[in-house]
Amino acid sequence: MAGIVVLTGAGISAESGIRTFRASDGLWEDHRVEDVATPEGFAADRARVQSFYDERRRAARAAQPNAAHHALAELEARHPGEVLIVTQNIDGLHERAGSARVVHIHGEVDRAWCTTCDERMPCPGDLAAEPPCPRCGARSLRPDVVWFGEPVYALDEIYDAVSLCRWFWVVGTSGAVTPAASLVAVAREAGARTALLNLDAHDDTSMFDDVVLGPATTVVPPWVARF
Ligand code: APR
């Protein structure tokens with residue numbers, strides 16, 4: 001049973017140089033969600049979507065985990081109870097900081113999925129080049145990420161952990177996307193103590209026992225040090 005479950009979003013990676021989505025300089029300012037993050041957009045213009053994720057993969061590989069990622073990894077290593085990270089991020093920075101217990105609810109940009117043989121694998125290179133699937137040879141790889149309108153990953157495992165945790169922290173997310181945004185209600189219902197650590201307050205913070213505002217690299221390390 002995870003004593004602590006931490007839900008993270010793009011904000012935790014912002015100070016590593018990864019763009020968030022809904023800020024004034026966010027990804028959704030210069031990309032239409034429908035064009036690059038839906039199955040319909042992929043069907044309409046495969047090359048555009050492949051290039052969009054190739055770019056995000058390059059950005060993720062060029063980035064370094066920051067003090068907030070490291071603080072959570074250190075907590076996992078020293079905390080007597082289990083620490084589980086449920087991340088909406090596809091950048092892999094939690095693992096690169098040393099976290100072992102990480103669930104990717106929206107997938108991983110460094111992985112690919114063959115829509116012919118259903119094989120999932122480390123990404124063999126830029127997908128805009130349409131490399132063949134290493135298993136079946138078909139040129140039908142897509143990023144192994146969750147697009148709008150598609151079911152998220154590992155939801156049962158996540159609900160089980162959230163409904164049993166003692167502490168539920170939300171770090172660096174706007175809470176704009178479900179089911180991730182509904183997890184705090186599940187945690188609260190189960191009696192967990194909840195906290196929001198974010199640059200900006202959410203419109204409704206009634207689900208949170210504690211609200212700590214500020215950049216993740218500033219607020220996460222001292223918060224984590226208390227546990
Ligand atoms: N430190 C802490 N929080 C930050 C920082 C920072 N340095 N910079 C930004 N934030 C906060 C913002 O205040 C905002 O609330 O991070 C949040 C980022 O929100 P979004 O851009 O909406 O990103 P996220 O919540 O992760 O989006 C959820 O939506 O677009 C989809 O699939 C995508 O996983 C993503 C999901």
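Okay, the second largest pocket: its volume comes out at about 210 Å³. And this is a predicted model, so keep that in mind throughout. There are 16 residues lining that pocket, and the ones closest to its centre are G175, A181, V184, H202 and F208. If you sort the lining by class, you get 9 nonpolar residues, 5 polar ones and 2 charged ones.

Now, on to the ligand.

Start with T173: an N or O atom in its side chain sits 2.6 Å from an oxygen atom of the ligand. Then N198, where a polar side-chain atom is 2.9 Å from a ligand oxygen. With A216 we're looking at the backbone instead: one of its N or O atoms lies 2.8 Å from a nitrogen atom of the ligand. And how much of the ligand does the protein bury? On its own the ligand would expose 730 Å², and 90% of that is buried by the protein.

Okay, let's zoom out to the whole chain. We have 9 helices and 9 strands here. The C-alpha atoms fill a box of roughly 50 × 35 × 30 Å along the principal axes. Does that go with a compact globule or an extended chain, in terms of radius of gyration? For 227 residues, a compact globule would come in near 17 Å, and the chain has 18 Å, so the two agree.

A quick reminder first: most residues other than glycine have a negative phi, and most peptide bonds are trans.

So, where's the cis bond? It joins T178 and P179, with omega at about 5 degrees. If you want to find P179 on screen, go to the loop between β7 (167-171) and α8 (183-189).

Then there are a couple of positive phi values. D118 isn't a glycine, yet its phi is positive, about 70 degrees. You'll find D118 in the loop between β4 (107-114) and β5 (120-122). A154 is another non-glycine with a positive phi, this time near 60 degrees. That residue, A154, is in the loop between β6 (141-145) and α7 (155-162).

Definitions and conventions. Residues are numbered from 1 along each chain as its sequence is written. This is a predicted model: local features need pLDDT of at least 70, side-chain atom pairs count only at pLDDT 80 or more; totals for chains, interfaces and linings use all residues. Side-chain values use heavy atoms; hydrogens and water are left out. On a 1 Å grid over the protein atoms alone, a cavity is a set of points where a 1.4 Å probe fits but cannot get out, and a pocket is an open set with protein on both sides within 12 Å along at least five of seven lines; lining residues have an atom within 4 Å of a point. Grid points are joined across faces, edges and corners, and a volume is the space filled by probe spheres set on the points. Ala, Val, Leu, Ile, Met, Phe, Trp, Tyr, Cys and Pro count as nonpolar, Asp, Glu, Lys and Arg as charged, and the others, Gly among them, as polar. A polar contact is a pair of N or O atoms within 3.5 Å; within protein, one must be able to donate a hydrogen and the other to accept it, and residues adjacent in sequence count only if both atoms are side-chain atoms. Accessible areas come from the Shrake-Rupley method with a 1.4 Å probe; for residues, only the protein chains shown count as cover. Helices (H or I, at least four residues) and strands (E, at least two) are DSSP runs, numbered from the N terminus. The radius of gyration is taken over C-alpha atoms; the globule rule is 2.2 Å times the number of residues to the power 0.38.
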